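Take them one at a time and find each spot as you go.

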Amino acid sequence: MSGSLLAVDGREACRPLAAAGPDPCGARAEPVCAQATASASTTTSNAKAAPRLEALDALRWIASLQIVFSHFYIDEHKGRSHWFAPPDSGEWWPQFARYGKMWTQFFFILSGFVLGYAEMTRAAGATRVSQLQYLRRRLVTIYPTYVFSLLAYMLQVQSSGQVTNFQWASMPPSLLLVQSWVVVCGDLPMEISSYSWNVPAWFLSALMLYWLTLRPVARFFRSRSLSGTCLCLLSLWAFSLVPGLLEKGLPEPRELQCMYYNLQDGSIGYFHVFFAGVATARLFILTCLKDAETGCTPNPKTKIMVLSPQQAPVIFRYGCCIGYLAYALFFLFVDMEVMFMTFHNGGIMPIMVLLVLGGAIGADPLVWHVLQRRAFVLLGQLSYAQYLMQVPVFMFFLSALRVTFDWTKGPPVLPSGALVVFPFVLVLVGYLVQRYVQRPYTEWQRWRQEKGIVGTDERAIAWIEGLAESLGNRCNRLRSARLTEAVERQGSTGDSPSRRMAVGQAGSTAGIVEV
């Protein structure tokens with residue numbers, strides 16, 4: 001999920017077009033890359049390069065920290081509806097943490113942006129892997145950390161003796177990362193399949209389902225114009241009203257309705273947010289990148305793309321500053337509880353889109369002077385491990401401090417002193433997991449690939465794909481034989497529709513067999 005897996009930035013090698021001569025794009029001259037870059041592009045077989053997006057990792061770490069605050073630093077009975085609510089409506093201090101729930105949508109937009117960007121800038125002649133192989137590539141670097149977090153959580157909960165039969169029944173779906181595809185509920189509000197093992201990991205399950213839709217969605221947006229892309233983004237934002245309306249239609253208390261948890265912690269609540277991330281990637285390509293050879297907007301014949309902050313709209317160039325300012329105004333003046341599911345499930349999508357675009361362009365002062373600093377780059381690298389380990393670390397604190405609680409009466413609360421120490425310990429644990437679990441496994445996978453070693457998972461995928469292909473061929477041959485038999489039974493010698501269908505089917509089947 002890293003935003004920095006994407007090729008090289010060509011900004012440093014750029015020079016302006018000569019003043020004389022016509023503008024090849026039919027517009028004002030924009031800087032183009034130096035001749036060395038253009039020459040290099042001609043030797044690359046339709047390869048496309050693009051900027052690195054390091055600042056997005058730092059943005060993800062900030063978002064994950066907001067989520068941590070929303071999980072452990074609020075008191076549901078003391079927070080105000082918004083910051084400037086009347087003084088007698090609650091305390092001010094929990095409010096910033098309460099609004100941290102809004103950052104769930106950022107993860108889906110960011111994932112859709114990074115993966116959609118990679119898919120839409122893929123070289124035309126690049127090798128295309130199967131859907132199963134694509135899923136494997138996505139999971140191979142994140143699954144070990146996920147399993148480690150499950151084990152850590154299991155050890156903490158098992159020691160307290162609070163594992164229910166529902167949790168054990170939810171273990172297989174959790175291991176397969178399908179626990180949030182359709183949220184199954186038991187004795188509410190505690191027994192929920194997406195919450196059974198390591199609560200924050202539900203979003204990974206939803207993401208895995210969205211990955212299955214990425215390719216067709218990316219193909220759709222790849223052919224969209226700038227106006228079409230903006231219209232799609234507005235439509236997806238407007239769709240955020242649907243979860244809010246569905247929530248309002250649920251009988252009270254809503255927290256005892258399984259549909260409530262399907263909307264809040266299930267895959268059905270965020271499809272449009274992920275798709276908006278893919279649309280944002282298209283918007284980024286059309287407004288912030290250019291063809292390195294011509295200086296024009298990228299097109300299907302583009303060999304190398306480079307970042308061009310000068311041509312990006314001002315609101316995108318300063319997206320992080322404007323986005324965080326807009327979020328501050330939302331936090332100060334808007335009561336999120338009025339339409340909670342709308343705001344939570346994409347309602348502040350424009351703010352998140354601005355943050356992603358501002359981080360990707362890299363010209364924003366906040367990005368340039370803060371988010372690209374080494375400290376934030378390092379924090380961004382461990383954000384995934386930190387996010388998954390928040391509940392196991394919290395459970396460890398409860399056990400070490402011997403805090404007694406009853407889940408049926410609400411989530412436990414740490415003492416004030418422990419809450420001060422908790423985020424620093426979480427960052428340390430995130431670093432250790434990233435350094436000694438996530439990174440070694442990734443390096444081992446890279447070494448195995450370089451040596452050409454085929455693993456058990458790859459053999460299993462090859463066997464499944466071979467079996468599917470064999471079954472498909474058999475079905476085609478059987479269908480062709482039945483059509484031919486039907487024609488023969490009718491004694492038809494003319495050019496009937498049945499005969500033409502049988503001959504065509506037989507020909508296509510023969511082609512499959514020959515291949």
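The points below go through a disulfide, some other cysteines, a helix pair and a serine.

1. Before anything else, keep in mind that this is a predicted model. Everything in these notes was computed from it.

2. Let's start with the sulfurs. A disulfide is a covalent bond between the sulfur atoms of two cysteines. This structure has one disulfide, and the partners are Cys185 and Cys258, with a distance of 2.1 Å from S to S. Turn the view to look at the S-S bond: its torsion is about 85 degrees, so the disulfide is right-handed.

3. What does the bond tie together? Cys185 sits in the loop between α7 (165–175) and α8 (202–222), while Cys258 belongs to helix α11 (residues 258–265), so the link connects parts that are 73 residues apart in sequence. As for the surface, Cys185 is partly exposed, at 21% relative accessible area. Cys258 is partly exposed too, with a relative accessibility of 26%.

4. How far is the sulfur of Cys232 from the closest cysteine sulfur? That closest sulfur is in Cys230, 9.3 Å away, which is too far for a bond. Cys232 is buried, with 18% relative accessible area; the cut-off for buried is under 20%, so this residue falls on the buried side.

5. Cys321 is another one to check. It takes part in no disulfide, and the nearest cysteine sulfur, in Cys320, lies 7.0 Å away. Cys321 is partly exposed, with a relative accessible area of 34%.

6. Helix α2 (residues 55–72) meets helix α18 (residues 374–381) at an angle of about 65 degrees, and their axes are 7 Å apart. Roughly perpendicular covers 65 to 115 degrees, so that is how α2 counts relative to α18. The crossing of α2 past α18 is left-handed.

7. Which residues make that contact? From α2 come Asp57, Ala58, Arg60, Trp61 and Ile62, and from α18 come Phe376, Leu379 and Gly380. Sorted by type, the residues of the contact of α2 with α18 are five nonpolar, one polar and two charged.

8. Last stop: Ser174, in helix α7. Is Ser174 buried or exposed? Its relative accessibility is 1%, so Ser174 counts as buried. If you leave aside neighbours within four places in sequence, Ser174 is in contact with Tyr146, Gln179, Ser193 and Trp197.

Technical notes. Residues are numbered from 1 along each chain as its sequence is written. This is a predicted model: local features need pLDDT of at least 70, side-chain atom pairs count only at pLDDT 80 or more; totals for chains, interfaces and linings use all residues. Side-chain values use heavy atoms; hydrogens and water are left out. Axes are lines fitted to C-alpha atoms, for helices over the stretch in contact, and angles run from 0 to 180 degrees between N-to-C directions. Helices (H or I, at least four residues) and strands (E, at least two) are DSSP runs, numbered from the N terminus. Angles under 35 degrees count as roughly parallel, over 145 as roughly antiparallel, 65 to 115 as roughly perpendicular and the rest as oblique. A crossing is left-handed if the near helix is turned anticlockwise from the far one by less than a right angle, and right-handed if clockwise. Contact means heavy atoms within 4.5 Å. Ala, Val, Leu, Ile, Met, Phe, Trp, Tyr, Cys and Pro count as nonpolar, Asp, Glu, Lys and Arg as charged, and the others, Gly among them, as polar. A disulfide is a pair of cysteine sulfur atoms within 2.5 Å. Buried means under 20% relative accessible area, exposed over 50%, partly exposed in between (1.4 Å probe, protein chains only).
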